[in-house]
Amino acid sequence: MKLAAVVQLGAVLLAAGFVYGAFSVPLSPDMRLAVLLTATMLAGPHVSPYDTLLPAVAATLFLLRMDWAIAPPGAVTVALAVWLAPLFNPPRAVPVGFATPFVFILFMVYAARLRQPGGAGRPTHAIKQPAAIL
């Protein structure tokens with residue numbers, strides 16, 4: 001029981017460190033949200049398979065923001081693994097689900113380091129303003 005508490009404390013501290021790091025560097029708001037959603041799932045001591053929707057939303061944001069031409073190796077695979085996490089949880093039913101926390105940690109590393117060619121926090125494509133209606 002003490003080992004579980006120590007591991008949980010480590011997960012909480014790691015998740016808090018990722019969130020602090022994401023919000024203390026120039027990072028796009030959607031990537032900050034992706035890190036926050038994934039960290040929330042990682043830090044929670046009692047989560048259900050329904051909670052894996054949070055990282056799935058984070059993975060969707062990541063895949064929408066990512067520049068596919070210069071994607072780091074493995075980024076798409078990790079994001080898809082996060083997106084598919086509801087299928088592999090709970091770990092008691094599907095043993096491969098025990099790898100989920102490690103996939104979440106790797107995903108947060110990718111999300112926190114995602115930079116766009118236009119600069120941190122700027123989308124790669126300009127949003128065009130609608131023409132004024134006269």
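Modeller: A salt bridge is a side-chain nitrogen of Lys or Arg within 4 Å of a carboxyl oxygen of Asp or Glu. This is a predicted model, in which local features need pLDDT of at least 70 and side-chain atom pairs count only at pLDDT 80 or more, while totals for chains, interfaces and linings use all residues. Residues are numbered from 1 along each chain as its sequence is written, and side-chain values use heavy atoms, with hydrogens and water left out.

Colleague: How many salt bridges does the rule give?

Modeller: The count is one salt bridge. Arg65 pairs with Asp30, and their closest N and O atoms are 3.1 Å apart.

Colleague: Which parts does the pair tie together?

Modeller: Arg65 belongs to helix H3 (residues 53-65) and Asp30 to helix H2 (residues 29-43), so the pair ties together parts that are 35 residues apart in sequence. Helices here are DSSP runs (H or I, at least four residues), as are strands (E, at least two), numbered from the N terminus.

Colleague: Is Arg65 buried or exposed?

Modeller: Arg65 is buried, with a relative accessible area of 13%. Buried means under 20%, exposed over 50%, and partly exposed in between, using a 1.4 Å probe and protein chains only.
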